[in-house]
Amino acid sequence: MTKKLYFDDPMTTEFTAEIVGMRRDEHTSTKLSARGFGVILPSTFFYPTGGGQSNDIGSIGSARVVDVFADGDEIVHLLDKELKNGSYPAKIDWNRRLANMQHHSGQHIFSAVFWHELGLETLSSHISGSAPSTIDFNKASLSAKEIALAEQKANEIIFENRKMRAYFVENKDSVDFRRPPKVDGEIRVIEIDGYDYSACGGTHVPQTGMVGSLKILRTERVNKKIRIHFVAGSQSLTFFNKFQNAAQDTANLLKVGVDDVSEYVENLQIQLKETQNELKKLREMKLNIEVDKMAQHAEEIGETWLVTKLFEKRNPAELRALAMKLRNYPNIIAVLASFDGEKLSLVTACAEGITVSANDLLQKHLAPFNGRGGGDKSVAQGGGTANDVGELFKNTTTMIQN
Ligand SMILES: [Zn+2]
């Protein structure tokens, strides 16, 4: 059984490691051979993955400790190279451990605050020292006011620099747990001095001040729960820098101060909307002029007036808009096409009262290209693939006369 020295002392990061045994695949429940060499120490400061907290990494002698995990009563240290039994200087990666402890302790603080201030129970949590950590609460949503309150209270607990104590109790009923543990026997208690008691086997900062700061980045609804994403310690600073840089870059682009960005963007949005409306009107005017010109050049065929026009790469929606406008002219039949070298788009339209059907006209024009499309007697639209559309309107007059 490995003695867990990190339980009583989470601050020691350098110690003498006594390798007393090698673990091979046949002696562990976890497959090691592909990942490295497992070694056992009688006692260790290395924290193994568990309780929502990631393992420590570091070094033992000249080997890197790449993973640490519990295997029954023993803690396996996975090394990147083989070491013989003996004493070696060992070192834990402090930055990683500190970030893990800050987030883990931050989770205790948030869970306690949400419980005391808002009556919300922590359902689960995921702790990460390198990305935002999360806690799930038994509520569907949180208001901005509730988030602000929780954040303020959590940071007050940090500024008060309360002691965080870790100790064992034999009887769980002797402690006023926020969430009573389900197991019996010896329980490890993490106490935020007089404020919160929870059962936990992780590593924590000895005083709340070491968490630095806590900031909720966002909330997310997951099923019927609310999940908060938060950062602590130096990760808060990293995120502050990230947001500050983004805000400053935006302000520089807009050539205004950071405080004026939102008002400026709001005005830009209004201007954009006005410009878009203006553009829409101008496009409409342009189409009307274009349509008028086409109608004036229509070919007289019996009682009707035929407009045919082949465009290069004109989008089908605009083609249809032109055709719809044309059919408002008396006795007009319009056959409008667009060709991009491969694809042919076609719209046909017939004015009110004309006996020719726009759909018939479409099908007849598409037939040589195996095209597809449909519509009614007023308007029809379709397309196909083609190599050459030079003779597209060759028989249009005959189609109308028959
Ligand atoms: Zn804990």
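Reader: How many helices and strands are there in the protein chain, and what makes a stretch count as one?

Author: The protein chain has seven helices and 22 strands, where helices (H or I, at least four residues) and strands (E, at least two) are DSSP runs numbered from the N terminus. This is a predicted model, in which local features need pLDDT of at least 70, side-chain atom pairs count only at pLDDT 80 or more, and totals for chains, interfaces and linings use all residues. Residues are numbered from 1 along each chain as its sequence is written.

Reader: What makes Glu278 exposed?

Author: A residue is buried if 20 or more other C-beta atoms, placed from the backbone, lie within 10 Å of its own, exposed if 12 or fewer, and partly exposed in between. Glu278, which has its place in helix H4, has 10 other C-beta atoms within 10 Å and is therefore exposed.

Reader: Which residues of helix H5 are buried, and how do you know on which side of H5 they lie?

Author: In helix H5 (residues 316-326) the buried residues are Leu319, Leu322, Ala323, Lys325 and Leu326. They cover an arc of only 165° around the axis, which puts them on the same side of H5; the arc is that of the directions from the helix axis to the C-beta atoms. What covers them includes helix H4 (261-296) and strand E19 (332-339).

Reader: What makes a set of residues a nonpolar core, and which members of the largest one touch the most others?

Author: A nonpolar core is a set of buried Ala, Val, Leu, Ile, Met, Phe, Trp, Tyr and Cys residues joined through C-beta atoms within 7 Å. The largest has 29 residues, and those touching the most other members are Ala323, Leu326, Ile333, Ala334, Leu336, Ala337 and Ala349. E19 gives the most to this core, with seven residues. Apart from it lies another core, of 27 residues, among them Ile109 and Val231.

Methods:
Two residues are in contact if their C-beta atoms, placed from the backbone, lie within 7 Å.
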